[in-house]
Amino acid sequence: MNLNEAKLQFVTSQGDDALILSHRVTEWCGHGPELEEDIALSNIGLDLLGQAQSLLNYAGELEGKGRNADDMAYKRIEREFKNLLLVEQPNGNYADTIAKHFFYDVYHYFLLLDLKNSSDEFLRGFAEKSIKEVAYHLRHTSQWVIRFGDGTEESHEKIQTAINQIWKYTGEMFMKDEISDFLEKEGVIPNIDALKAKWEGKVREVLNESTLKYPETTFMAKGGRDGIHSENLGYMLTDMQYLVRTYPDAKWD
Amino acid sequence: MEENQLLEKFQEKVDAEIKVEPKDWMPEKYRKTLIRQISQHAHSEVVGMLPEANWLTRAPSLRRKMILLAKIQDEAGHGLYLYSAAETLGVDRQELVEELLSGKAKYSSIFNYPTLTWADIGAVGWLVDGAAIMNQVMLTRTSYGPYSRAMVRICKEESFHQRQGFEIVATLAKGTPEQKEMAQDALNRWWWPSLMMFGPRDDNSPNTAQSMKWKIKRKTNDELREEFIDRTVQQAEAIGLTVPDKDLKWNEERGHYDHGEINWDEFYNVIQGNGPCNQERMKARRDAYDNGRWVREAAKAYAAKRAAKAA
């Protein structure tokens with residue numbers, strides 16, 4: 001396998017995670033449970049969008065066909081998107097959103113922590129910059145998981161239900177294939193099993209503090225990383241790409 | 001001291017351009033006027049997030065999407081500072097929000113118009129924020145200290161909003177024929193509602209005189225409207241768009257543009273709840289409030305448990 005191609009797969013999948021999750025965040029804008037949360041979510045959305053832009057620009061460079069982040073975001077079709085199924089799940093209620101972000105944030109945080117030592121120069125710099133943002137995301141969502149778990153009966157029940165429902169989408173973060181094996185061998189990405197262990201440790205710690213149950217289910221859905229998505233993604237892309245596709249000759253800057 | 005002596009002292013202070021601060025004596029009507037005005041302003045920031053958020057998922061580039069999200073985030077922030085400024089007058093945010101949701105308190109009617117195309121996002125920044133700035137710059141010199149200071153902060157961000165809106169429209173105006181048409185169409189639909197933002201004509205604005213005397217306002221509705229027209233017409237010409245007013249004409253003698261009559265029936269209709277999106281905007285705010293109730297309750301319950309443990 002070619003190192004460049006393997007990196008392209010990984011960088012695209014990470015860029016797509018950030019892009020698609022930021023899209024879901026923007027759907028909350030103006031509808032959050034409190035003005036302070038609207039502000040916090042916008043912060044998170046802006047961080048994710050910035051990260052998506054850097055990663056997808058880099059993906060365009062690796063690909064070598066002269067495409068930039070906007071081309072990657074606005075001109076690919078569903079099957080070419082490599083984001084996790086987790087991040088495309090609908091927002092649901094605030095507990096659903098928090099549970100989705102929390103699981104992603106823990107993964108994102110530990111992944112970036114390791115990417116600071118990647119053999120890839122871009123990824124090292126990217127991780128160095130993004131880790132500060134993601135540390136805040138993780139703080140924000142873990143605090144909400146704890147507040148909900150140890151808040152009222154209603155909030156406890158809502159967050160536990162949300163966690164149980166979204167749980168099956170968490171396994172995809174740690175699925176291994178020949179690309180991940182190769183990238184790990186090349187020192188580009190960390191060992192996936194070690195990453196998974198850190199993730200489980202942190203999730204257990206937060207759920208424990210929240211008086212919530214760690215789900216027992218072992219079945220895990222997959223497909224996103226291979227471009228096989230849920231029905232949700234098509235609608236999101238239809239929205240996102242509407243103007244660019246309707247007016248192919250137009251420039252929007 | 002007698003009420004009228006206090007009133008006299010108050011007026012002297014205002015005339016001497018000394019800011020009124022929360023703990024100072026103030027006439028009840030001054031306090032009430034400010035609470036109404038500041039809270040309306042706060043509500044407008046919050047409701048104003050909705051028509052713009054309508055295009056967030058459809059913004060045509062990552063850069064545009066980031067700018068728009070940052071702008072809407074600023075508006076949420078402005079809402080917060082303004083609620084805080086209102087709270088210095090002895091009301092709380094919860095009360096004010098409930099007045100909005102019950103329909104008792106108003107917000108700027110402009111946000112009852114729909115954003116139908118991407119060009120509307122440009123028009124909202126250029127015209128709506130542009131009109132709001134005229135008022136807000138004036139309010140940086142308003143007599144009530146906390147309001148004036150909140151305005152200084154807000155104005156810095158608003159001028160960025162206005163520029164980004166103008167830049168969107170300018171980009172469209174020099175784009176493909178369809179883009180230019182989209183820009184002109186947005187100007188056609190937003191021009192008159194933007195002029196209405198300054199409120200009724202001076203000869204039909206009963207509260208203006210008292211507000212001017214107390215230096216809450218420093219310019220009349222018509223003066224501000226005129227400044228806005230003078231500035232905006234030139235901007236439209238610079239990017240090759242036409243302001244949709246056949247009576248618009250430069251008046252050499254006055255040094256201002258003369259303009260056609262505003263449709264005041266439409267103005268009062270929208271205020272009374274019959275604008276294109278009044279119901280949708282209020283429903284969105286009520287839903288956010290109702291759906292967020294358990295979240296706020298959880299946060300409160302958790303904080304109480306923590307406090308009990310610490311004690």
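Is A:R67 buried, partly exposed or exposed? With a relative accessibility of 24%, A:R67 counts as partly exposed, where buried means under 20% relative accessible area, exposed over 50% and partly exposed in between (1.4 Å probe, protein chains only). The structure is a predicted model, in which local features need pLDDT of at least 70 and side-chain atom pairs count only at pLDDT 80 or more, while totals for chains, interfaces and linings use all residues. Residues are numbered from 1 along each chain as its sequence is written, chains are lettered from A in the order in which they are written, and side-chain values use heavy atoms, with hydrogens and water left out.

A:R67 forms a salt bridge with A:E63, the closest N and O atoms being 2.8 Å apart; a salt bridge is a side-chain nitrogen of Lys or Arg within 4 Å of a carboxyl oxygen of Asp or Glu. By this rule there are 35 salt bridges over all chains. In chain B, B:K283 pairs with B:D287 in a salt bridge at 2.6 Å between the closest N and O atoms. Both residues lie in helix α12 (residues 278–291) of chain B, four residues apart, about one turn of the helix; helices are DSSP runs (H or I, at least four residues) numbered from the N terminus. B:K283 is partly exposed, with a relative accessible area of 49%, and B:D287 is partly exposed at 29%. A network of salt bridges links B:E52, B:K71, B:E75 and B:D129.

A further salt bridge joins the side chains of A:D17 and A:R225 (2.9 Å, N to O). A:D17 lies in helix α1 of chain A and A:R225 in the loop between α9 (192–209) and α10 (232–246), so the pair ties together parts that are 208 residues apart in sequence. A:D17 is buried, at 0% relative accessibility. A:E172 is buried yet has no salt bridge, and the nearest side chain of opposite charge, A:R225, is 5.8 Å away. A:E172 is found in the loop between α7 (153–166) and α8 (178–185) of chain A.

Helix α1 (residues 3–28) of chain A also holds A:L19, which is buried with a relative accessible area of 0%. Not counting residues up to four places away in sequence, the residues that A:L19 touches include A:L49, A:F81, A:M240 and B:L62, contact meaning heavy atoms within 4.5 Å.

In chain B, 14 of the 20 residues of α2(B) are buried, so this helix is largely enclosed by the rest of the structure.

Methods
Helix = DSSP H or I, 4+ residues; strand = E, 2+ residues; numbered from the N terminus. Lys, Arg positive; Asp, Glu negative; His and termini not counted.
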